[in-house]
Structures are given as structure tokens and as C-alpha cells.
Amino acid sequence: MAFALFLLYVVFTFLRPVELFAPGLAEARPMLVLWLLAFGAALMATLVQRRIALRAPHAALLLVFILALMLSRVANGWAGGAMAAVSEFSASALLLLLAAMNLTSLRRLQWTLATVTLCMLVLSVFAVNAFETGHRAEDFVLRQGTGDDADLLDAGYAGVPADDTSGQSLWRVHGLGILNDPNDFGQALVMCLPLLALAWRPRRWARNALVVGLPMALMLYAIYLTHSRGALLGVALLGLLGLRGWLGNTRTALVGLAGLVMAMGLGLAGGGRDFSTQEQSAGQRIEAWYDGLQMFRENPLFGVGYGAFTDYHELTAHNSFVLCFAELGLFGLLPWVALLVLAFRELGQVTRLAEPGSTQARMAEALRMALLGFLACAWFLSRTYQPLLYLLLGLCIAAAWAARQAALAGPEPQYWPAPRWQFASVLTAIGSIVAVYAFIVLERFTG
């Protein structure tokens, strides 16, 4: 019962059927009601079975990060905003906890990964159909380049987005709810590409073409229609990771560098959105990163306060790492990065120690690639606190837990603790600050 409610909540989170088909029911707050039912059932099942995928290090890091949200506001003179920060972040944190309470077996994890992937495939169908035919385009297509933020119905063009050849508008597909932004939609699709690849079966070419090939082509087309540069870079990273097994690390790095230089030189983003730092939007992001570094330099321990970035800069950070260290300082950056590093290290340990080709190894590798693809997009998006990231972390934590349970039941070695994740977390946190600074220096040099 608890797991069924969890899957239903995941479906409602992605597809938002109430908003799409019965907006009049929104006043009854069905998502909140469903969440309360799902969380209550999961909590009861956890207490009875005494099983949860969340381990002590994950729980401690999450609690320290929540504490950092509170202290960032207290340290900046707003003690009353501490609990408000916790309230705003609670939906994301509890989604991770909900996943950890429900996903305590490989079978449940498989069902959840399939559900998430299927939901994104359905949204891709809706979005592409809206772009190509105009049906429900007001729900799934955003028009930009008109000089204002008017939506499709008010932008002075009532035709089919795909038929607009004027060159005056940029049409970008998106989802609903937490995926209402084209960049978020593209990021979620990038995350799901490796999960879809789990359906691949060796030497079953006809089945693979139908079950994996066609859906993946549709998702890739939907990613293109988002015109999200971060999503396209995420796809490129996944492609390079796929080539690494054939080319090796050095050759793959050279191919990636050559591709990046080519993309920047030719402006390959589609829809007139270049990868160059001299393009207006990209230049604004670099300015936001620079101001974020100044905020961090002036408030290195606790930052300028959760949600306060736009008090110091007109735009958001457009980088999840910048947003984190600018608003929360080192006290928030370290546990946030550690959550990512620990999840990645545990998945890597599963892929090394599990039997090659086993369900545990394949799911761990897919989730590891999904996390890397997601973070590649997050480098250009302010998604530090968004629910989708914490659902993904919950899936990663559950995959490591399920692999450990399989190891305990057989002759394989145990997978924990992940080696040197604390040291790797500190290096990654410092590396993110250095990388941001390097981007800024490069922009100043090339400008």
C-alpha cells in the first residue's frame, strides 16, 4: 500500500494530471493530500519493518545542510526566517526521505525507475505534439523573443509553433509543475536517458529499436526543442561517458574538448542560442557568477542567506554550486557537495564489486550517469534546492542500499563504507569554486 501510494505520488509530481485535466480541483490541494497519505503509509511501514535505505551519513549530511539554511539567515540578521527556510526546503528533503523509506528492494527500485522514465516519455509526447500541432501549446510551449514574457495565447501568434518561420520568436517546450521551466524539463529528460537505456537487451535488435531506440529519439528531440544549452551539454556528457569504454579516458577527453570548441565556434545550440560566453544570456550568467563569488568572499562561512542571492544581483545565480556557496557559504556548500559525492561514490563501489551485468551493477551505472548528466545541467541552472535533485539522490541512495542487501545475502563483499568520500567532498567543493573562477577569468580573457 505504501509503495503504491509512493508511485502514485511520483506520477502526480511529474505529470500533474489535476492541472492538466481538472484544474478546478486544485483548490482541494490534491498533491498535499496525496503526499500526506504516501508519507504516513511509508512511515508506518518503516516503523513496522524497521527498514530504510537512508544511512547515518546521508541523514547527518541532510540535517547539517538544513541547519546551514537556518544559520545562513540567522547570521545575516533574520532569525525569524530560519523556520521559513526549513519550510520552503521541506518538500525537497521529504521527497528524498520518502524515496528512502519506500525503495528498500531492487524490485521496488526497478518499478520506480520505470515509472519516472515513462512519465518523462509521456510528457515528451505531449510537448512534441504541442509544438508540432499546436494542441495544448499554451500548456507545453513557451514563446520567447517577443520583447516580453507574454505566453502563447497573448503573444500575437495563434498558429502552430512548428510553422512559425518568421525567426522573431524562440519556441521552447516544457512540462508542468516542477518541470514548467524548459531548462528543468530538459534536465529531467537528460536524467532519464540512462534510465531508459536499462531496457536494452543484448542481441534483441527489433525489441531494442522499439522499446529503447524510438523513445530515446523522441526524448532527444524534446531536449532539442527545449533549446536548453545546459541540457545539450548534459547529452554531450552522457555521449562521452558512453564512448569512454571504447576510447579510454584520454581520447574521450580530447574528443569532448574538440566538441566543446567546435560548439562554441559554430554556436551550436539551436534556435539562435549560442554556447559562446559573448552571447548576451551567457554573459549575464558569468556576471552573476562573479557577483556570487563576491558574496562568498564577503560571507565565506554562512553566505548572504538562503534565498537572498537576488537581493544582491538582479538575476539568479544560474549555477547550482554558485547559488549554494553564495547563499550558504562553506557551512552549506560542504554538506551539499558531500551528499552528491557520497551517492556517486557508493554507486561506483556497486559497479566495481557487483557481478558484471547484474541488475545491481546496471542500475548503479545508469543512476551514476543520470546524476552526472543532471549535474552537468545544474552547472548552468540554479537548482540547489529543487525537488528533482533530491528525488534523484533518493534513488541513488536506494540503489546502494539494495545492492548491499543483495551482498549480505550472498558471497559478494559488502559495499560500505565508500572509501575517502569525505576527502573527495572537500576537494569537489573547493574545485567548484576554482572552476567558477576559471570560467570568469576565461570570459574576461576572451572578451
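Helices in these legends are DSSP runs of H or I with at least four residues, numbered from the N terminus. The model shown is predicted.

**View 1. A nonpolar patch on the surface.** Six residues, Leu301, Leu330, Leu334, Val426, Ile430 and Val434, make up a nonpolar surface patch whose accessible area together is about 480 Å². At least two residues of the patch come from each of helix 13 (320-353) and helix 16 (421-446). Helix 16 provides the largest share, with 3 residues. Leucine 330 is located in helix 13. This leucine 330 is classed as partly exposed because its relative accessibility is 32%, a value between the limits of 20% for buried and 50% for exposed.

View 2. Cysteine 192 takes part in no disulfide, and the nearest cysteine sulfur, belonging to cysteine 119, is 8.7 Å away. In general, a disulfide is a covalent bond that joins the sulfur atoms of two cysteines. Cysteine 192 has a relative accessibility of 0% and therefore counts as buried. Cysteine 377 is likewise buried, since its relative accessible area is 1%.

**View 3. Threonine 46 and its surroundings.** Threonine 46 belongs to helix 3, which spans residues 30-49. With a relative accessibility of 13%, threonine 46 counts as buried. A polar atom of the threonine 46 side chain lies 2.8 Å from the backbone oxygen of alanine 42. When neighbours within four places in sequence are set aside, threonine 46 is in contact with Arg51, Ile52 and Met101.

View 4. Arginine 50 is placed in the loop between helix 3 and helix 4 (56-74). Its phi is near 55 degrees, which is a positive value in a residue other than glycine. As a general rule, most residues other than glycine have a negative phi. Arginine 50 is exposed because its relative accessible area is 78%, and the limit for that class is over 50%.

**View 5. Arginine 136 between two helices.** The loop that contains arginine 136 runs between helix 6 (106-133) and helix 7 (137-140). Although arginine 136 is not a glycine, its phi is positive, at about 55 degrees. Arginine 136 has a relative accessibility of 25% and so counts as partly exposed.

Conventions. Residues numbered from 1 in each chain as written. Predicted model: local features only at pLDDT ≥ 70, side-chain atom pairs only at ≥ 80, totals over all residues. Heavy atoms only, no water. Patch = residues over 30% accessible without salt bridge, like charges linked within 9 Å, V, L, I, M, F, W, Y side chains within 5 Å. Areas by Shrake-Rupley, 256 points an atom, 1.4 Å probe, with all protein chains shown as cover. Salt bridge = Lys/Arg side-chain N within 4 Å of Asp/Glu carboxyl O. Buried < 20%, exposed > 50% of the residue type's maximum accessible area, 1.4 Å probe, protein only. Disulfide = S-S within 2.5 Å. Polar contact = N/O pair within 3.5 Å; in protein donor to acceptor, adjacent residues only side chain to side chain. Contact = heavy atoms within 4.5 Å.
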